[in-house]
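These are short notes for your review. Please read them beside the sequence and the structure.

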Amino acid sequence: MKSIEQKNAEAVTAFIEDTANRRLLEETEQFFVSQFLKAFTDRHYAIDEILAQGDKAIARIFITAVHTGPFAGHPSTGKAVKATQFREFHVIDGKIAGHRGWYDTATLLPQIQAQ
Amino acid sequence: MKTLEQRNVETVSDFIEAFWNQSELDSVDRYLSADYQELAYQSKEGLKRFAATILEAFPDKRYTVEEIVGEGEKVLVRMTVQGTHQGAFFGTAPTGNRIDVTLYRQYRVVDGKIAEHRGWIDMVTMWHQIRGA
């Protein structure tokens, strides 16, 4: 018998892996998000981990992309980069009732700064 | 009777309050395990040094836990840090600007002690606020 958390983690996994949801999974409330999506192209997504408790589930998503446009004052480098996104889900009766995302930029910046 | 997850969430919440808000840097001795693994600031000493650096740069800093999820040994926290840039921060002279930045921290709690930590923060937003751009 699966716990509610296991079922919710499965619902979140299916939602993230459904390419029809790709645009939804790229949006965050961070001021730079439109620049981020223009600067980092050929994006690929993979789930690193999902932690769930009650009706909450938080996914840590691993993104690989190529730095092809200016970002946060740094000109494009053409480098392959790795980025992390957290996305929090509210799951009710097996359905995604809401979600919000956030990009980590602390690990991203050193990858595109001039050495 | 509290679940393991509830107790772990409490341990992490108490540590965040004591260490990051009350700036009791020696509270690491109470909350962290002897074999603590620090994956964001190199070591327990590195963690304390970083907290001291932040305290000097943002003396009024305040961390607020906005979301916290426990599963097994793991506890994941979303929080904000707010403060005023009143001291040098990584070579940038004080600007008097306010910061309000989101960060995530993930802990592993074993037998009531924090045994591992890693962290993520939105430095692009933080520098944007510091520079007032």
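1. Contact here means heavy atoms within 4.5 Å. On that basis, 23 residues of chain A touch 23 residues of chain B. The model is predicted, so to speak of local features pLDDT of at least 70 is needed, side-chain atom pairs count only at pLDDT 80 or more, and totals for chains, interfaces and linings use all residues. Side-chain values use heavy atoms, with hydrogens and water left out, residues are numbered from 1 along each chain as its sequence is written, and chains are lettered from A and ligands numbered from 1 in the order in which they are written.

2. Between chain A and chain B, about 2100 Å² is buried, 60% of it from carbon and sulfur atoms; buried area is the accessible area (1.4 Å probe) that two parts lose on being put together, summed over both. L51(A), Q53(A) and W102(A) lose the most area on the chain A side, together 28% of what that side buries.

3. Chain A has an open sheet of 4 strands in the order β1-β2-β3-β4, with antiparallel pairing. Strands (E, at least two residues) and helices (H or I, at least four) are DSSP runs numbered from the N terminus, and two strands pair if DSSP finds at least two bridges between them. The edge strands, each pairing on one side only, are β1 and β4 (95-104) of chain A. β1(A) and β2(A) are joined by 11 bridges; in one of them, I50(A) has A59(A) of β2(A) as its partner.

4. Helix α1 (residues 4-17) of chain A packs on this sheet and touches β1, β2, β3 and β4 of chain A. Its direction makes about 175° with that of β1(A), where axes are lines fitted to C-alpha atoms, for helices over the stretch in contact, and angles run from 0 to 180 degrees between N-to-C directions.

5. The largest pocket has a volume of about 650 Å³. On a 1 Å grid over the protein atoms alone, a pocket is an open set with protein on both sides within 12 Å along at least five of seven lines, a cavity is a set of points where a 1.4 Å probe fits but cannot get out, and lining residues have an atom within 4 Å of a point. The 31 lining residues of the pocket include A106(A), A40(B), Y41(B), G119(B) and I121(B), the closest to its centre.

6. One cavity of 30 Å³ or more is present. The largest cavity holds about 40 Å³ of space, a volume being the space filled by probe spheres set on the points, which are joined across faces, edges and corners. Among its lining residues are F36(A), F40(A) and R43(A).
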